[in-house]
There are 4 protein chains.
Amino acid sequence: QIQNPCLGTEYIQSASYTDSSDDETSPRDKQQKNSKGNGDFCIKNIKQADFGRREIEIAEQEMPALMALRKRAQGEKPLAGAKIVGCTHITAQTAVLMETLSALGAQCRWAACNIYSTQNEVAAALAEGGEAHVFAWKGESEDDFWWCIDRCVNVEGWQPNMILDDGGDLTHWIYKKYPSMFKKIKGIVEESVTGVHRLYQLSKAGKLCVPAMNVNDSVTKQKFDNLYCCRESILDGLKRTTDVMFGGKQVVVCGYGEVGKGCCAALKAMGSIVYVTEIDPICALQACMDGFRLVKLTEVIRQVDIVITCTGNKNVVVRENLDRMKNGCIVCNMGHSNTEIDVASLRTPELTWERVRSQVDHVIWPDGKRIVLLAEGRLLNLSCSTVPTFVLSITATTQALALIELYNAPEGRYKQDVYLLPKKMDEYVASLHLPTFDAHLTELSDEQAKYLGLNKNGPFKPNYYR
Amino acid sequence: QIQNPCLGTEYIQSASYTDSSDDETSPRDKQQKNSKGNGDFCIKNIKQADFGRREIEIAEQEMPALMALRKRAQGEKPLAGAKIVGCTHITAQTAVLMETLSALGAQCRWAACNIYSTQNEVAAALAEGGEAHVFAWKGESEDDFWWCIDRCVNVEGWQPNMILDDGGDLTHWIYKKYPSMFKKIKGIVEESVTGVHRLYQLSKAGKLCVPAMNVNDSVTKQKFDNLYCCRESILDGLKRTTDVMFGGKQVVVCGYGEVGKGCCAALKAMGSIVYVTEIDPICALQACMDGFRLVKLTEVIRQVDIVITCTGNKNVVVRENLDRMKNGCIVCNMGHSNTEIDVASLRTPELTWERVRSQVDHVIWPDGKRIVLLAEGRLLNLSCSTVPTFVLSITATTQALALIELYNAPEGRYKQDVYLLPKKMDEYVASLHLPTFDAHLTELSDEQAKYLGLNKNGPFKPNYYR
Amino acid sequence: QIQNPCLGTEYIQSASYTDSSDDETSPRDKQQKNSKGNGDFCIKNIKQADFGRREIEIAEQEMPALMALRKRAQGEKPLAGAKIVGCTHITAQTAVLMETLSALGAQCRWAACNIYSTQNEVAAALAEGGEAHVFAWKGESEDDFWWCIDRCVNVEGWQPNMILDDGGDLTHWIYKKYPSMFKKIKGIVEESVTGVHRLYQLSKAGKLCVPAMNVNDSVTKQKFDNLYCCRESILDGLKRTTDVMFGGKQVVVCGYGEVGKGCCAALKAMGSIVYVTEIDPICALQACMDGFRLVKLTEVIRQVDIVITCTGNKNVVVRENLDRMKNGCIVCNMGHSNTEIDVASLRTPELTWERVRSQVDHVIWPDGKRIVLLAEGRLLNLSCSTVPTFVLSITATTQALALIELYNAPEGRYKQDVYLLPKKMDEYVASLHLPTFDAHLTELSDEQAKYLGLNKNGPFKPNYYR
Amino acid sequence: QIQNPCLGTEYIQSASYTDSSDDETSPRDKQQKNSKGNGDFCIKNIKQADFGRREIEIAEQEMPALMALRKRAQGEKPLAGAKIVGCTHITAQTAVLMETLSALGAQCRWAACNIYSTQNEVAAALAEGGEAHVFAWKGESEDDFWWCIDRCVNVEGWQPNMILDDGGDLTHWIYKKYPSMFKKIKGIVEESVTGVHRLYQLSKAGKLCVPAMNVNDSVTKQKFDNLYCCRESILDGLKRTTDVMFGGKQVVVCGYGEVGKGCCAALKAMGSIVYVTEIDPICALQACMDGFRLVKLTEVIRQVDIVITCTGNKNVVVRENLDRMKNGCIVCNMGHSNTEIDVASLRTPELTWERVRSQVDHVIWPDGKRIVLLAEGRLLNLSCSTVPTFVLSITATTQALALIELYNAPEGRYKQDVYLLPKKMDEYVASLHLPTFDAHLTELSDEQAKYLGLNKNGPFKPNYYR
């Protein structure tokens with residue numbers, strides 16, 4: 001099924017407010033200490049800590065569930081004794097997660113899962129705070145990348161007992177270099193499609209030696225990462241790059257899964273005229289019932305102002321389609337991979353590329369026609385950082401709860417296998433986000449619970465419910 | 001999971017255009033023949049056939065998939081040799097189904113699954129058409145009910161080989177009276193919640209002696225019977241009964257499953273201010289993200305103009321709530337059972353009931369306050385016949401395809417068990433409804449199919465996909 | 001400008017719950033008395049009073065402003081001494097108006113402004129109540145019509161001093177038969193397009209001998225009669241007549257004035273795909289910005305499922321268009337006149353008309369194609385009584401306030417001319433409807449009022465504001 | 001009436017992509033020539049011309065009507081001989097206007113109407129193009145400001161015959177310094193509220209010595225600058241500054257004029273729960289019918305996440321309200337002035353201001369509560385450059401047509417007075433924007449035009465129509 005992996009490893013380039021300063025010294029060669037005299041980290045520039053702290057504070061406002069977990073942790077520390085090694089993007093949002101894990105009692109060491117995505121000022125704030133030992137900067141080399149991971153794991157007198165991974169690189173490194181560490185490790189929490197795939201392969205091959213939790217496929221995360229996230233980020237992504245007015249524009253959305261549904265709903269609400277393409281008759285019928293003309297791409301390609309791919313498929317928009325678009329047509333990708341638009345086919349001598357803004361290229365045909373290509377066909381919302389923090393809050397809370405669950409589970413509850421978050425914890429993640437909306441849940445009476453055959457505290461739906 | 005069983009056996013009273021004429025002779029005592037001289041049927045009044053035929057023709061316009069099946073059947077007759085005995089509501093829509101089965105080659109005998117729901121004029125048209133032998137009228141006694149079913153089954157020189165049931169009464173009758181018939185029966189198709197439940201019980205008990213197809217739980221039917229159906233029928237049901245203006249009205253919808261989602265979307269679109277109650281935090285969070293205040297019923301009960309239940313639960317609206325509603329508040333049920341509103345609690349001496357229109361009661365408190373109770377708390381859209389024909393078309397097509405599948409399946413494909421319609425046939429039902437919308441499906445290229453690991457002709461989603 | 005005159009004299013046929021009993025005696029020949037022994041009325045059947053009272057009570061629920069006026073009238077009686085003669089539709093809603101005028105101190109005599117639209121049971125309730133002397137029944141002859149009006153005016157020992165007219169027939173009758181009555185008459189309140197037109201003609205000709213108030217053109221009434229009313233009544237009108245499902249249907253709406261805007265918004269919200277035709281580029285651009293494809297009728301006529309006219313123009317849909325529509329296409333009129341669809345062109349020998357339901361005709365082409373024509377091209381919402389009571393409440397309140405204003409105005413405020421309701425009273429009508437929604441208005445501070453150059457109590461907008 | 005003057009002189013700070021380089025030499029002291037050797041301009045840096053040209057080209061894509069005027073001008077040159085002196089913002093959009101005027105035959109000299117709003121790179125592109133003599137840069141002193149204006153007017157051997165002004169400063173300068181120039185000037189086109197106000201004052205005082213065209217109050221401009229512009233720019237403005245997720249957020253919008261209607265519609269569509277405050281009962285009733293709870297600000301101030309002012313009034317949000325807001329509440333202004341939020345009241349010692357991003361301040365209470373104040377209470381959409389180019393296209397086209405009209409009008413058509421653009425030209429502006437949407441206007445037949453009493457080519461509505 002198609003999905004928009006908001007935090008997946010496809011994340012190429014952050015819209016960080018980070019300076020691209022000309023300080024060319026490698027962080028590895030710098031001696032830095034924070035104001036408490038601690039120097040067990042490696043980042044770009046500790047002086048940016050104040051700015052990074054503000055970004056973290058802004059993020060905290062939209063991550064209520066983690067803040068609620070911190071509050072509860074004033075009494076009990078469910079992660080007391082936990083030694084977590086993590087490998088994720090280093091952003092204001094993941095910083096809120098890290099500092100929450102600390103507040104819950106854990107010791108943390110952290111590396112970046114992507115060489116470009118680190119917000120240097122956030123890394124600085126974390127280093128200054130002192131609770132997470134961070135090894136990451138924007139623009140690492142591949143060698144730097146593995147060096148940072150190694151610095152997290154290979155520590156004198158400290159050994160991790162939990163892994164939080166995004167993409168599987170950290171897990172892979174430990175498997176390769178320090179397999180004996182797994183004896184003390186209680187579990188792995190993995191959130192990316194790719195990383196989960198690797199875990200299932202290990203499991204099939206009988207090589208998975210600790211329990212692993214797949215948080216990518218929890219209901220709450222799926223719904224939020226796709227439908228609700230894309231409903232907002234498609235508008236934001238298009239505006240920030242092109243300032244296009246939506247009213248009256250003709251748009252074709254390829255694919256009517258959750259991502260496509262979100263994009264279509266938003267654009268229709270803003271006064272665009274939206275066409276949909278689909279291969280699956282059931283999703284196609286839903287598009288019809290929701291008020292969208294279902295067409296083949298070739299039927300409308302000459303008339304549309306915007307083309308958006310949301311399929312998870314490849315070569316959905318090919319050169320032939322691009323040749324027929326009208327002047328000024330905007331083309332972008334909200335789907336899974338960066339192959340939905342055949343961008344390679346535009347790298348031919350007769351076409352001129354002109355970079356007009358960050359993430360915006362004009363591709364110019366010999367007759368002067370311009371196509372406006374966004375993010376070179378990569379995921380628009382990741383490339384332009386338009387994923388709302390609240391969506392990331394859902395994911396981060398799910399990760400935190402998965403860590404707590406694995407760390408505290410009685411022997412035998414989890415075997416050397418890949419698990420989905422129990423339905424009840426999925427419901428718990430949702431319930432932690434309700435107070436943000438001042439939302440009041442109704443409780444079942446005993447009589448009603450009996451009538452429905454449910455426990456009063458949930459779970460309320462079968463596991464397969466989506 | 002909550003559902004609105006549009007054709008379920010809870011169907012109490014049709015808003016038939018049928019006369020309630022004072023002809024008191026029982027149909028069982030009448031001798032009627034159609035214009036071809038055939039008298040193998042038992043209905044109210046053959047003279048109403050013309051009027052019924054017009055209602056059937058109106059229904060045909062909105063049942064494109066069945067009409068498409070008929071067209072294809074001009075060549076092959078996939079039900080040639082099938083002898084189907086059916087027990088469903090007898091309405092214009094089911095008439096289109098019956099006549100389609102005939103067109104596909106089947107011989108049919110039919111009884112009503114409910115003593116009130118028969119549209120007499122439609123039964124007359126079917127009898128006149130001669131292709132379905134119908135035994136049904138509005139206002140049967142219980143004895144009539146079973147007599148009609150028996151007349152369908154117990155025929156000299158004719159024995160059914162397929163069963164189409166809605167509620168399980170027909171199946172039950174054959175089990176009880178003519179168990180040996182099952183030797184020749186190839187399968188049962190059942191569409192109601194209740195009937196499906198009975199089949200699973202038979203199966204568990206090892207007593208199911210033929211394959212059975214559960215069409216109630218097919219994806220297409222679920223989505224249409226709930227979300228899309230209710231989006232339209234809530235408006236229609238409220239308007240027909242109360243003429244209420246939606247703009248600016250405050251409404252509380254209890255339950256945010258598919259039915260609740262449909263009701264909320266429609267009322268919001270019409271300018272109502274909608275509050276939602278929920279027990280499940282995941283559905284609750286969805287309600288928030290969709291722009292609805294999540295409240296407990298007691299928080300808003302004094303201020304709302306309309307209360308709608310969509311929970312599948314019991315005693316969701318109780319006397320205490322009713323006591324606090326404001327004068328003129330409208331109360332109705334779109335959920336599963338007729339117990340969501342505790343109507344029994346209103347049958348007390350101090351309250352006066354006044355029937356102001358069909359399906360509309362004013363319940364009057366001692367201080368003069370009036371509550372407007374619709375359909376006595378039974379399902380509003382069934383009671384007021386506001387289920388769109390197009391929705392019934394999905395169900396009817398699914399039934400027809402299930403009959404074809406069971407009738408033509410090679411030995412051994414189906415055992416003595418209850419089956420869901422194969423995903424691929426579910427997709428086929430959807431695809432048969434696309435031409436209505438002039439919708440054009442995109443086909444996968446070989447390369448794309450390979451990339452996605454899918455067969456080009458589907459199924460396109462896993463079985464659990466909803 | 002185009003408008004949908006919800007209460008205009010085009011009102012042909014009420015969807016009354018009135019019996020069409022076979023009692024053929026003319027009301028003029030019957031002797032009837034109400035339970036108090038009063039017989040100064042002439043109606044169909046006094047025995048229906050109870051049923052009519054219930055309909056009035058239902059209407060009262062949705063006419064809050066009139067009920068508020070009644071409450072205030074418990075102290076002062078602003079119409080004490082007023083002798084009002086009225087000529088309007090006799091429906092549950094106008095009954096609430098009449099009884100309000102009585103509560104405000106007026107004596108009333110009333111005739112119907114249309115020979116078909118009287119709800120007999122409501123007339124009975126009014127007669128039984130005794131506060132309004134009613135002369136009206138459904139199905140009057142033209143002679144009856146004038147006889148009823150005369151019975152209202154020509155009374156021994158009673159002379160009207162206020163006129164409330166709808167269509168101008170009452171005013172016309174007094175001008176023609178009893179011109180001297182105008183000496184005592186303080187003013188005329190007229191609400192129809194036609195009646196207002198007649199008054200302006202009288203005024204231009206110097207023949208208007210009392211002040212007249214044009215309530216048709218007040219802001220509140222215009223907005224409600226058109227945008228908000230049509231948004232709801234288009235859905236209701238189509239459902240009651242055809243049971244069509246809106247989801248996925250292709251609809252063309254001719255004209256994008258207020259009526260068209262209301263129809264388009266509702267259908268789009270229900271999942272229809274809506275096309276718009278316009279002649280005015282400004283309205284056309286609005287349609288584009290609101291997300292509708294702007295087309296010529298001929299571009300989409302072959303593909304649409306529903307055609308709705310809202311132009312105020314004539315011959316918008318002509319035979320050539322009708323010839324090209326697809327089988328099952330629904331055609332209806334929500335605009336001003338009954339000439340928007342050239343229905344006359346369908347009265348040709350090769351086409352067969354079949355009445356399938358009340359207000360629904362199938363027009364059948366020689367090749368079997370059926371067009372579903374609603375209300376024979378007359379106004380759909382009037383023909384099918386789908387105008388919400390709340391909309392009528394706005395109009396009725398405006399009428400009541402206009403009567404109060406004219407009756408109590410000091411000498412010289414109004415001359416022998418046609419006036420619009422003062423802006424401030426228009427705002428007052430709106431404010432009387434706010435409590436229904438529990439809406440709380442903000443008051444200007446002295447400082448703010450000064451800053452804006454406004455009186456704290458309004459009017460808040462210039463007269464021309466729409 | 002409230003309005004959001006998208007291009008008004010309140011424009012404080014452009015979100016220009018312009019460098020804030022440290023080149024401190026005043027442009028007045030630089031000698032620059034373009035590549036053709038022409039130096040009759042004064043700007044920041046001619047080398048930025050290429051970058052500015054790209055911004056202009058992007059803007060051209062969304063200004064179809066001006067491009068259409070250019071195309072038509074290949075034959076006739078309606079501004080041949082026109083010598084236009086202009087004083088507006090210098091942005092990519094006004095650049096498209098200037099170059100269009102050149103293409104229509106005019107000679108142009110241009111100054112900035114605001115010392116901050118000039119996009120230096122666009123000014124460079126204009127200077128390089130050579131068709132408009134530009135005197136403007138970002139960060140002029142007041143002395144620079146008047147010096148630039150003077151350089152446009154006071155030219156050896158060249159005298160303007162048309163004025164295009166935005167704010168009235170240019171007009172004021174000529175009145176003061178070169179009054180005799182008015183002998184040759186054919187007219188003034190003014191677009192700002194302030195400038196129009198000044199012209200009316202001149203007119204009242206009998207001092208207006210040439211015709212002037214008020215383009216601010218044309219229908220098309222009003223609708224677009226308010227409803228359609230704000231529908232999109234409220235979302236964009238909030239996202240760019242705060243990245244807030246809209247789904248589920250509680251928002252109060254103060255004022256339900258066109259601006260408020262646009263904001264409410266957009267936020268409701270994105271899943272926010274929106275409350276409205278109003279002083280005018282008519283607008284209040286519209287808010288109710290559109291589905292918004294009408295409240296006093298104090299009722300909801302403790303619970304809302306976002307506060308938006310759209311009133312045109314002052315002190316709508318005062319310190320007392322700000323004191324009661326919850327932590328993290330976002331406060332911004334979309335209305336007319338910068339006095340709607342009493343920002344001054346926040347400049348007290350106990351509150352800490354923290355600038356977290358451009359246009360974003362956290363105001364921190366002693367207890368740690370933070371209010372997120374955007375653009376210091378000035379207009380959000382101007383401060384953040386979120387006005388869509390297409391909206392500016394409407395305005396620019398109206399200006400161009402007003403110039404053509406005044407320049408070509410026969411003697412006597414316009415006197416020394418302030419005029420609104422003739423309705424027909426307003427319709428023409430709209431019609432020029434229709435091809436963008438591939439929109440096809442319907443034409444009246446002769447018979448229809450006669451029936452409606454209209455000219456087939458318009459105008460189609462009375463002047464007062466809004």
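## A bridge between chains

D:Asp280 and C:Lys461 form a salt bridge through their side chains, with 2.7 Å from N to O. The model is predicted. That distance falls inside the cut-off of 4 Å, so the pair counts as a salt bridge. Across the interface of chain C and chain D, the rule finds eight salt bridges.

Between chain C and chain D, 24 residue pairs are in polar contact, both residues at pLDDT 80 or more.

## What chain C brings

Several elements of chain C each give at least two residues to the side that touches chain D. They are the helices α8 (219-242), α10 (281-289), α14 (389-408), α15 (423-433) and α16 (446-452), plus the strand β9 (293-294). The largest share comes from α10(C), with eight residues.

Now sort that side of chain C by class. Nonpolar residues number 26.

## The extent of the interface

Chain C puts 56 residues in contact with 56 residues of chain D. The area buried between chain C and chain D is about 5500 Å². Carbon and sulfur atoms give 61% of that area.

## Chains A and B

How is chain A superposed on chain B? A rotation of 180° does it, with 0.0 Å of shift along the axis. The RMSD is 0.1 Å. The two copies are therefore related as by a two-fold rotation axis.

The same surface serves both copies. Of the contact residues of chain A, 100% recur in chain B.

Methods: Residues numbered from 1 in each chain as written. Chains lettered and ligands numbered in written order. Predicted model: local features only at pLDDT ≥ 70, side-chain atom pairs only at ≥ 80, totals over all residues. Heavy atoms only, no water. Contact = heavy atoms within 4.5 Å. Buried area = accessible area lost by both parts, 1.4 Å probe. Polar contact = N/O pair within 3.5 Å; in protein donor to acceptor, adjacent residues only side chain to side chain. Helix = DSSP H or I, 4+ residues; strand = E, 2+ residues; numbered from the N terminus. Nonpolar A, V, L, I, M, F, W, Y, C, P; charged D, E, K, R; others polar. Least-squares fit on C-alpha atoms with pLDDT ≥ 70 in both.
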